[in-house]
Amino acid sequence: MKYIFGNWKMYLGAEETMQLAEDLASVTIRVDQVQVGVFPVSIAVRDVVERVGGAPIAVGAQNIAWVPKGAYTGAVSGLLYKEIGCTHALIGHSERRYIFGETDEAVRKKVEAALDVGLIPVICVGETREDLEQGNREKRLHEQVTAIFAGLSIPAHQSLFVAYEPVWAIGSGEACDPSVAASVHTFIRQEIAQLTAHSVFVLYGGSVDEKNVLSYLTLDTVDGVLAGRASTQKESLIAMIRAAETIA
Ligand code: PGA
């Protein structure tokens, strides 16, 4: 099983989002080969859940608040997303970390909040270009993974994803070399294994598109991809799903 997750960010308007959701819902997906998930802009999530209806497409939040309800202006909680039919939640995307100042502590609280309400967390980690240039990739990943998993209580049978998304590869067209991604995934898996015996799916994200997707999906250490821009175009999103279906 491979996972094709699409983070639609704030690329599409409400109508464009609906159109893409409808287009996707009309595609036949080989559910024995691939699981598809999309993360629409918050105001469109409820409609996307309705549009995809009975199609085998998971819908998730791009971000959640760490409290369920209360006086938190502008926030939307995991509980509320769960109520409208979401199953997954992106947590700690680098745009949340580096544009909106989300700390490792905030990421941890959001992971706990997602688990509390029964959402499947898709937790993003990854080094910045500066980390990379200073030889601090593993140090950064160690810090992020530790903040997420140390002492974390994970319910039995809970699905959980970590997405390795090197910040320098996101939206840059400069995807991480697949052989490098494979070894970083191995490192991330080892780090996680020191903190929990729970099994975790590990995705790659960062300038994935229909042309390079197979070079990641064919790697044993890569369970799937989290695509941004390429997932907002019908043709490339469907091409990535079809690519995943070719893997035995
Ligand atoms: P990108 O974004 O595919 O546009 O690089 C990936 C992501 O941010 O999840």
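This is a predicted model: local features need pLDDT of at least 70, side-chain atom pairs count only at pLDDT 80 or more; totals for chains, interfaces and linings use all residues.
1. Helices here are DSSP runs of H or I with at least four residues, strands are DSSP runs of E with at least two, and both are numbered from the N terminus. Residues are numbered from 1 along each chain as its sequence is written, and side-chain values use heavy atoms, with hydrogens and water left out.

2. Have a look at the barrel. It is closed, has eight strands in the order β1-β2-β3-β4-β5-β6-β7-β8, and its pairing is parallel (two strands pair if DSSP finds at least two bridges between them). From one strand to the next, the twist averages 25°; angles run from 0 to 180 degrees between N-to-C directions, and axes are lines fitted to C-alpha atoms, for helices over the stretch in contact.

3. Where does β1 (residues 2–7) find its partners? On one hand, β1 and β8 (residues 224–227) pair in the parallel sense over four bridges, with Leu-226 of β8 as the bridge partner of Phe-5. On the other, β1 pairs with β2 (residues 34–39), also in the parallel sense, over six bridges, and there Asn-7 has Phe-39 as its bridge partner.

4. Staying with β1: six of its six residues are buried (buried means under 20% relative accessible area, exposed over 50%, partly exposed in between, with a 1.4 Å probe and protein chains only). Lys-2, Ile-4 and Gly-6 point one way from the strand, and Tyr-3, Phe-5 and Asn-7 point the other way.

5. Now the helices. The axes of α5 (residues 104–117) and α7 (residues 137–149) come within 8 Å and cross at roughly 40°. On the α5 side the contact is made by Asp-104, Val-107, Arg-108 and Val-111, and on the α7 side by Glu-143, Gln-144, Ala-147, Ile-148 and Phe-149 (contact means heavy atoms within 4.5 Å). Helix α7 also packs on the sheet, where it touches β5 and β6, and its direction makes about 155° with that of β5.

6. Helix α8 (residues 178–193) is worth a look too. Its 16 residues reach 22 Å from first C-alpha to last, close to the 22 Å expected at 1.5 Å a residue (the expected span is 1.5 Å times one less than the number of residues). Its buried residues include Ala-181, Val-184, Phe-187 and Ile-188. Among the elements covering the buried residues of α8 are β5 (120–125), α7 and β7 (201–205).

7. Why does Asn-212 count as buried? Because its relative accessibility is 17%. Setting aside neighbours within four places in sequence, Asn-212 is in contact with Ala-175 and Ser-207. Thr-128, in the loop between β5 and α6 (129–133), counts as buried because its relative accessibility is 14%.
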